Amino acid sequence: MEVPSMDTIYQAISALYDNPNVTEKEKASLWLGDIQKSIHSWKIADELLQQKRDVQSCYFAAQTMRSKVQHNLSELPSEAVVSLRDSLVDHLERTSPETSNAILTQLCLALADLALQMTGWQNCTGDLIKKFSNKNDFALLEILTVLPQEIDSSSLKLGENRRDEIKLELRSNSHIVTSFLKESIINSQDTVVSLKIVKCMTSWIQVRAIDVQQIPNNAVIVFCLQVLRDYNSINKLHEAASDCICALLHCLEENNNNENIERLLFESVSALEESYHMAVAHEDEEKAANYAKVFTELAETFLEKIIAATASGNTHFAMRSLELALVCVGHHDYEIAEMTFNLWYRLSEEVYQGNFQPLTDVFKPHVERLIEALARHCQCEPDHTHLPEEGDEFHEFRIKVMGLIKDVVFIIGSSSVFRQMFAALHADISWEQTEAALFVMQAVAKNILPEEYEYVPKVVEAILSMPENTHIGVRKTCILLLGELCEWIERHPEGLEPCLQFLIRALNDSQLAPAAATALQAVCAASRTRASEHVRLLLDAASLPLPPAPAVAVARGLAAAIGRLPHPQVCTHLRQLQRARAAAAGRGQPAAAARAGRRSRPRTRRRHRPPPAPTGLYSPPSAPASTCGCCWTRPACRCRPRRPSQSPEDSPPPSAASRTHRSVLTSVSSSEHVRLLLDAASLPLPPAPAVAVARGLAAAIGRLPHPQLSAAMLEAVEAQTERLEALLAAAGEAAGAGGGGGEGAVRRGAPDDPCPGLDRIAALFRDVAAPPAPPRPHPCLPALRHAWPVLLRLLARFGADGRVMERWCRAVRFCVRAVGGAAGELVQPLAAAAAALYAARPHPCLLYLGSVLVDELAAAPGPARALLELLSALAPRALHLLQPPHGLRDNPDTVDDLFRLCIRFLQRTPEQFLSSGALPAVVRCAALACSLDHREANCSVMKFLHDLVRAASHPRPDHARVTALASEVITRYGEDITYALIESSVLHLHSYMLAEVAEVLLELLQWQKAAGVDWLQPSLQKLPRDRSATATEQQCWQFHQYAMSAEKCKELTRILRDFARLYR
């Protein structure tokens, strides 16, 4: 790029900031971005700062200078770096308090980043203080603020050695800085200057450059406490003072060996309670939040000492800090209460680890008050017509509250929380108070003991007796509470039927359907055996028009129930149901309308009668019937007895279809509830509830005897394939009319979207859990054979749509998982179709499906050969996709799924895989992919390398050939893999990803020691040396010694992380 003229630069800056034309702005932004990346930007930025024509050009120049220093300092020779430093100092000396804060900050950041990277600039902090002191204190304050902040910047690859050197330098100059700040705060009458002084002190405290022992004499700390005591102080200064005190408390937690200083600071901070109450009284939310932040940090600082003292039977002087935190939890703004959550998490962890009942008892009052306050915060606004939805801030807060309650509830016990919330329920409270108490009950319901008879039965009975006009938010929370009580309901089977009826009735309400479907799935999954008596009810639910997620949940619940029925009952009933539907369709009625018509009158009668659960339904055998617990759900409850259900004479005559259903039900089961479950499955539900019903149905089917299971599964799958066949026919007609083929994406939720049907098939096979019974065929195989032609047609029709292919592969995955080795007969056509599609459309999900096929079918000789052919077809296309310079970074899903596939081959058919021609290219790709910083993809690469090295380093007598082949591969590529692992660890990967690297490296080092080779030493010598962030020869030698002697993965992970910090 040629050097542009300054006039051109000014015109581009003007277009960027002042031109109203968006297109021109974008062009100017792109052009100026290219200028910033060029080598000429150093001179351009310097000239712009010298000329100081306008604010926009100066800001662009300052920002360019900071960016270049941060990322491209290596472009300059060493002598130019010194000139750059002098130029930046000169620019900053000419700034004034009137200079734009943005420009001043960018220039100070540029100088600070330069000072940190100039290893030859010794005592840069002292030099900067000398240069700017008494000349431009305003600029000096900003420099001293940003310099400590930039030490741990991830953008600067300083290395641990340089960071330690700078921190030591800061500590040696801390007395000079403290004196400068003290003089500045005494002489300052300007709030802006005071704010900068406080922020500067905070920065130095955060990097541990200020000695804690000097705190009592620190003028800035005293000033911060004075600001916090004055609730009328300026908000920005008040916030900065609170940040400073919080940083000091955090520092004190790590250096708390002086009890006098601890007491002094605790008393100073706890004395701010009155100021907090004044801020609350004046409705100053910002200051109240600042106080809450300080009080919470105070409690966390002394928490470990509080726990230790309490465990020994003493009371620590800082115990009152928990009371201060609870005061903040009681604030009416839930965001202020949320600031204390980490404290309670830590408290619960410390108490749990202590495992000492007297210690637990001490904190019971605190937790009770906490939960009571959280219940108040979870109350919705009275004028809201529904609960907060996902994505809403208040919804996220309630989710966090639920997690916190689950963490701390062990301190007081779940039954105690139930009792505490039940006591808050009475007839004259508002709906939002009722719903909040039920929400808290929902958080602890899973921990309720099945033997609880005092409060849970009353709550359940009240829920089942809830009138239709109860607020929708209360009804939804009640439904979710029932789902959480699924294990309790499983131990009290007399309440299963009314609960199922209640939940299925709720499916008819679009606002309640998702919650009801989720609860239904949970209840059916927990009560699989007894739910089989209610299959008819669940089939009714499955036919409701539910959204996708609730439909899936209902389907899963139905599957769980069907699996427990005897086969003749399931098959007979399903066939009768199918014939009834066909008859209704033959008369010209749509299937859903026919079902609704023939069940309208019985369903109406059942819907409007009171729930069948008697008042004392859940009472233990030896206990009297429990008292009424329904008052809090009724507008005006009189605790009247249930109205008797209608007699047969009062009912209108049933239709022929209804009589057929009833006769079938009578013949198939001694239970009167099967009809209800079967009806639920036949309801026209939206996708999500339908899938939920399918999963419940499959879970129930899985418990049938094999002949019955086979027929029931076939019937359930046929219902889904019929819909998909109709969809394919309609799509074929549309494509024929429009001249289109299978190209293009299908709109989500459109009539031609096959994903809901695929999800239901996946749900059925996912939850059926039917074990094989050799030598008989797998009971689910007929259903898979029936679905297979339809699945292949879907593959051909929608192969271009990535979303549909994800769902298709997911459905086939669960089908194969369900039948296991019995799916071997389908491998050949599936492998051929997948290979052909992947050659044209490299969907990563096809690779993942291949790994599932290998996992399930590779043990048999026939499928194993077909699967190796599939690998030979897929691997070259996938590797070609990853070859470009950024191929690995741009296709992490392909990397992930390719190496998952290779892992499965290595685990299931290692000899054939290690002998295949695809292996060398795969290993070379794995070495390159070690540096990929995508967590899932990198994890798959490391798992593949780990298994490969382990096959060589852990010989087995029955796998001698495998060991020899693996050793040959390691001998050939081991040195490259070792360097790739070391280089990736220190230069490319995040620290949290090094545990997987350590696993591979540990196995590789053990193999090297056994083979008498050392590839680690030359790998360390290859690491780059032409940078400031690097390890010394001594540090490399120490790492080599520690790594070679490491015996456990955790030990090597720690060693690797410490070594990597030297390069970052």
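Visitor: What counts as a salt bridge here, and how many does a search of the whole structure find?

Guide: A salt bridge is a side-chain nitrogen of Lys or Arg within 4 Å of a carboxyl oxygen of Asp or Glu. The model is predicted, so that local features need pLDDT of at least 70 and side-chain atom pairs count only at pLDDT 80 or more, while totals for chains, interfaces and linings use all residues. Residues are numbered from 1 along each chain as its sequence is written, and side-chain values use heavy atoms, with hydrogens and water left out. A search of the whole structure gives a number of salt bridges of 40.

Visitor: How far apart are the closest N and O atoms of Asp284 and Lys287?

Guide: Both Asp284 and Lys287 are buried, where buried means under 20% relative accessible area, exposed over 50%, and partly exposed in between (1.4 Å probe, protein chains only). Asp284 and Lys287 form a salt bridge, and the separation of their closest N and O atoms is 2.9 Å.

Visitor: Why are Arg163 and Glu160 separated by about one helical turn, and at what N to O distance do their side chains meet?

Guide: Arg163 and Glu160 are separated by about one helical turn because they lie three residues apart in helix H9 (residues 160–172), helices being DSSP runs (H or I, at least four residues) numbered from the N terminus. Arg163 counts as buried because its relative accessibility is 10%, whereas Glu160, at 23%, counts as partly exposed. Their side chains meet in a salt bridge, with an N to O distance of 3.0 Å.

Visitor: What is the distance between the closest N and O atoms of Glu1033 and Arg1025?

Guide: Arg1025 is partly exposed, with a relative accessible area of 32%. Arg1025 forms a salt bridge with Glu1033, and their closest N and O atoms lie apart by 3.8 Å.

Note on methods:
Helices (H or I, at least four residues) and strands (E, at least two) are DSSP runs, numbered from the N terminus.
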